[in-house]
Amino acid sequence: MTSPESSLSYLQPQGLMVQGMRTARLPWRFDTAAALAEVNALPASLWRTHFNEGRHDGGWQALALRSAPEAPIDIVPIDVAASGYANTPALEQCPTLCAMLDTMALPWKSVRLMQLLPGCEIKEHTDAGVCAARGEARLHVPLQTGEQVFFHVDGERIPLRVGECWYVDVSLPHRVRNRGSQPRVHLVADTSVDMRLFEAFRASDGGDPLPDPSDPWSQFIRFRDFVGADAEYSARLSAITNTTEFVHESVRMGLDAGFQFDASDVESALKAGRRAWVEQWIL
């Protein structure tokens, strides 16, 4: 978590542009039991497979609570002011969720429920421009989650717990894996950054760390360090020039050495390496 800087500028139609924010646990806390019961009572037909189909394995679903009539699909956020969004009938059936949004009292744009089914993964991606530095903020309130849900932003695990409210800079590379036995369900709400949210940023913290021995990314980092110190393993991987083969062999070698991580961890590391190489040439 990085604190907001004191210098702000105002940009319409977005909002206050706050520099330096990556992730932050905001001061709002909620009792989510009633909210989750309302969500579970909604018709299953309202859930849609997330439109970003190339970045998940089929288990990522969304349900619109506030949407823009101009949007091609109700779960798609579009770049219009908060006045261009309206509550959906589903939100009207969820008074506890309404009260949560009213408590935060922010200029809400897109508001959705996001569900990730057990054993499923949201692959690494970015949401361009959705960050406090551009005057936009995406807030997460976990309604149902667990220690076997791994949410990583730019290589860092974010310790989201039920009932907390988090800002996440989703313009950074991020991904989620649900290795638990129940769906991960979040209230995900987009807003312009106003002075009320800015003050919440000032009162924010980095949350309470989650234990991470089974965190697949942590396992991969340990494997990477292991390979760097083992000449035989390093030589075997260095000889592979095909990316797909390299990823597959890394996972296999990791398992042989006692490290459990996914192909997506290797792919994210490769992408990060490419980004670092490109960024060194950008002045």
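Predicted model: local features only at pLDDT ≥ 70, side-chain atom pairs only at ≥ 80, totals over all residues.

Residues are numbered from 1 along each chain as its sequence is written, and side-chain values use heavy atoms, with hydrogens and water left out.

**Whole chain**

- The protein chain holds 8 helices and 14 strands; helices (H or I, at least four residues) and strands (E, at least two) are DSSP runs, numbered from the N terminus.
- The radius of gyration of the protein chain is 20 Å, close to the 19 Å from the globule rule for 283 residues, so the chain is as compact as a globular protein of that length. That radius is taken over C-alpha atoms, and the rule is 2.2 Å times the number of residues to the power 0.38.
- The C-alpha trace spans about 60 × 45 × 35 Å along its principal axes.
- Of the 283 residues, 49% are buried (buried is under 20% relative accessible area, exposed over 50%, partly exposed in between, with a 1.4 Å probe and protein chains only).
- Among contacts (heavy atoms within 4.5 Å) between residues at least 6 apart in sequence, 74% join residues at least 24 apart.

**The four-stranded sheet**

- An open sheet is formed by 4 strands in the order β8-β13-β10-β11, with antiparallel pairing; two strands pair if DSSP finds at least two bridges between them.
- The edges are β8 (121-125) and β11 (156-157), each with a single partner strand, so one side of each has no neighbour in the sheet.
- Strand β10 (residues 149-153) pairs with strand β13 (residues 174-178) over 5 bridges in the antiparallel sense. Across this pairing, V149 is the bridge partner of N178, F151 stands opposite V176, and V153 has H174 as its partner.
- β8 and β13 pair in the antiparallel sense over 3 bridges, and E121 stands opposite R177 in β13.
- β10 and β11 run antiparallel and are joined by 2 bridges; V153 is the bridge partner of E156 in β11. The two strands form a hairpin with 2 residues between them, and D154 in the turn has a positive phi of about 50°.

**Burial within the sheet**

- In a regular strand the side chains alternate between the two faces of the sheet.
- In β10, V149, F151 and V153 point one way and F150 and H152 the other way, and all are buried.
- Both faces of β13 are covered, with H174, V176 and N178 on one side and R175 and R177 on the other, all of them buried.

**Helix pair α5 and α6**

- The axes of α5 (residues 216-228) and α6 (residues 231-238) come within 6 Å and cross at roughly 105°. Axes are lines fitted to C-alpha atoms, for helices over the stretch in contact, and angles run from 0 to 180 degrees between N-to-C directions.
- The two helices α5 and α6 are therefore roughly perpendicular to each other (65 to 115 degrees; under 35 is roughly parallel, over 145 roughly antiparallel and the rest oblique).
- F223, F226 and V227 of α5 meet Y233, S234 and L237 of α6 in the contact.
- The residues of this contact divide into 5 nonpolar, 1 polar and no charged; Ala, Val, Leu, Ile, Met, Phe, Trp, Tyr, Cys and Pro count as nonpolar, Asp, Glu, Lys and Arg as charged, and the others, Gly among them, as polar.

**Loop residue M21**

- M21 lies in the loop between β2 (15-17) and β3 (23-29), and M21 is buried at a relative accessible area of 4%.
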